[in-house]
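Try each task before you read the solution.

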Amino acid sequence: MKFILATALAALTLSGCFPITRIERDRYTITQLDSTIRQNTQNIPGDRDNGVIYPSASSVDIHRQYVQHDSEVTRSYPAFLRLGGIETASFLTSGSSSRGTGNGLFGLYDLLSGKHLTNTKTFGANMYRLLPYEVRLRWLHDAPGWTIGTAGAELFLKQQDTTAELAPGGYLVGVLPLYIRKRFFLRDQIPFVMVQPFLGFGLFPSQYLNVGVTLDVGSYGGFNLRGYAGYVAGSSNLLRNSNRRHIDSADYSTAFPYIGIGISALDFVNKTEELFVEWKNQKHSALEVSVLNLDLVRSLSSNAQQFQSVAPGGATPAITGLIARLASATYPLPFGERRLFVGTSLVNLVALSATETGFGILPIRAGYRFNVLYDELNLEPFAELTYYPQSIVHIGARLSLPMFDFGTVNVVAGYARGAANSDIAFGLDNLGIGTSWSAGYIGIGIGIGDVFHSPAEVMR
Amino acid sequence: MTVSGRIYPRGIIPLVALALLSGCAYEKIGILAGRQGYDGETLTDYRDVEVRSSGIVLKPGARFAIRSPDLTQFIGRFDVAILSGDGLRVYMRTVPHLLDSTKGIALLYSSLNGCSVRTADGGVIPVANPAGRGAERLTFHNEAGLLSISIGCREIYEDYVDLPSTEYVIFEALPGSTVELRTVRFSDIYTE
């Protein structure tokens, strides 16, 4: 597992090599003052004693006197056809329903649930892909719709037993795998609908071939829904424990057909035509797209317990917990001034204190954006329902101010009520997730990779 | 043609154009002339421009921009030949991005209707002699406000122009015409 993490980290580092923006520059030289003198000196008429063959006496005198400055016009365009954050999928595949990962729909809903070991495994396999990236593949006389791409890392899981551990022959992992895809658009307006046959292979650390087709719907605020059908086969022999290589006779190869459904977040898809539209003129479908929102909060409940123990008699720290949203998008409803919105996040964590903690996958959020100042300082009252694996009803308000290009500063306040869930795995029950709770809170936070668009920009 | 201080006899390939892979960017053509490198870009369908050993051929309606990187003031020399049809048009002091072919300075190099220069204010200055069938050298002296245009040894236009100088010269084959660019040379006015 450490090896997988190390290679994923290396992939993240390498992924910085792939351009996101293409820049065109035109340089202009502007002449403000020009008094250049260009003088042709003519041959002196008449005979001269220069021999039989002599050069012409013609010459040109140029006296340059001007004032100039250069002006450079820069235009920025997207350089990718697809740039993604996280893609996950759950596959129906052959085998017993008692085996498999049991990670639930999209490979997410039961990822941290105790149920994934014991429940009937509807989805026997999963795929997780990090940082997918695609550019135009210009071949076959510039045939349209071809892409070539890679990903920071991807992982195929098909566990052979009911344990939570990865076993030989149960996984394929690739760093910077190579994929060739062909797009057939069924709908060429946002959100796009397209069928994509693909052929891909990974060389390191697993060697595998992945062939199939996807039905893609998106991107809409970075979220995509995908249907998959394909076949993957390969070996993870390089991941064999080198210290036990002489006695490790396990079969590290795997092959299985799959059909399934997946989701991706922070995953942006462009048509080829959009590569020639400047960033500033690109269409937006979301009021807000955010990589991570992190709010440090203080629970107002008298039952709140700190995550870290304090000395007896010590004062309660100002911060008792946090609220984190990973990979969020907020969409305007298509009426009025488009300030009423709905939204979701890939993962939502509400941890007001050690005894007031819950999390969920793809919560449903609704709210209204009040513009306080200059269409930048916004107040957003919201209601949020987290329904699985825990139930949390959450109402609150957020005052946001964009800072720099990709960040926000927030002040938050609200109230949340969480229901007990005893199925949480991996020791999370120690955090009090097994008990119901309710509390108010106040806090401050930041948005990282948090981009706001005004309703006017979204309506454009 | 003099390239980098050496004399290349006419007829020996004076211009080498390479269709660089650069991610298989079909419309990009790298041009090497001596030690100088220029960026060529087809602004219409990439199939409209063909690279041959003798030069770069522009098919009817093709637009082709040549950029001299970081050089906005230059003496540009281009040997062109009309292979069939009428001729070509050359745009200066402009850029390919959002090129408006109806405005700005342009040279019409035509074998049927004669040559003319469209000035920055839209006026047209006709030139008596039409373009010839053989290869002819077009020279553009582009320095500060000065722009002079010569065809062969004959200067046909010289005036003060208040349009900013750019790195580009853009060629456009007239409808029904096929023309060939046989040499390309940009000289820095300060070292010429």
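**Exercise 1: Around one aspartate**

The side chains of Asp216(A) and Thr214(A) make a polar contact at 2.6 Å. Keep in mind that this is a predicted model.

Task: find the strand that holds Asp216(A), and decide whether the residue is buried or exposed.

Solution. 
Step 1. Start with the strand: Asp216(A) sits in β13 of chain A, which covers residues 207-220.
Step 2. Now the accessibility. Asp216(A) has a relative accessibility of 2%, and the cut-off for buried is under 20%, so Asp216(A) counts as buried.
Step 3. Look at what surrounds it. Leaving out residues up to four places away in sequence, Asp216(A) touches Phe192(A), Val193(A), Met194(A), Gln196(A), Leu225(A) and Arg226(A).

**Exercise 2: The glutamine partner**

Task: work out which side chain Gln196(A) meets in a polar contact, and where Gln196(A) lies.

Solution. 
Step 1. Gln196(A) belongs to strand β12 of chain A, residues 193-202.
Step 2. Its relative accessibility is 3%, so Gln196(A) counts as buried.
Step 3. The side chain of Gln196(A) makes a polar contact with the side chain of Asp216(A), at 3.0 Å.
Step 4. Beyond its neighbours within four places in sequence, Gln196(A) is also in contact with residues including Glu134(A), Arg181(A), Gly212(A) and Thr214(A).
Step 5. For one more distance, go from C-alpha to C-alpha: Gln196(A) and Gly145(A) are 9.3 Å apart in space and 51 residues apart in sequence.

**Exercise 3: A sheet across two chains**

Task: say in what order the three strands of the open sheet run, and why one side of each edge strand has no neighbour in the sheet.

Solution. 
Step 1. The order is β4(A)-β1(A)-β17(B), with antiparallel pairing.
Step 2. Check the link between chains: β1 of chain A (residues 21-34) pairs with β17(B) over two bridges, in the antiparallel sense.
Step 3. Pick out one bridge: Tyr28(A) has Thr166(B) as its bridge partner in β17(B).

**Exercise 4: Stepping back**

Task: how many helices and strands does chain A have, and what share of its residues is buried?

Solution. 
Step 1. Chain A has three helices and 26 strands.
Step 2. Of the 460 residues in chain A, 45% are buried.

Definitions and conventions:
Residues numbered from 1 in each chain as written. Chains lettered and ligands numbered in written order. Predicted model: local features only at pLDDT ≥ 70, side-chain atom pairs only at ≥ 80, totals over all residues. Heavy atoms only, no water. Helix = DSSP H or I, 4+ residues; strand = E, 2+ residues; numbered from the N terminus. Buried < 20%, exposed > 50% of the residue type's maximum accessible area, 1.4 Å probe, protein only. Polar contact = N/O pair within 3.5 Å; in protein donor to acceptor, adjacent residues only side chain to side chain. Contact = heavy atoms within 4.5 Å. Pairing = 2+ DSSP bridges.
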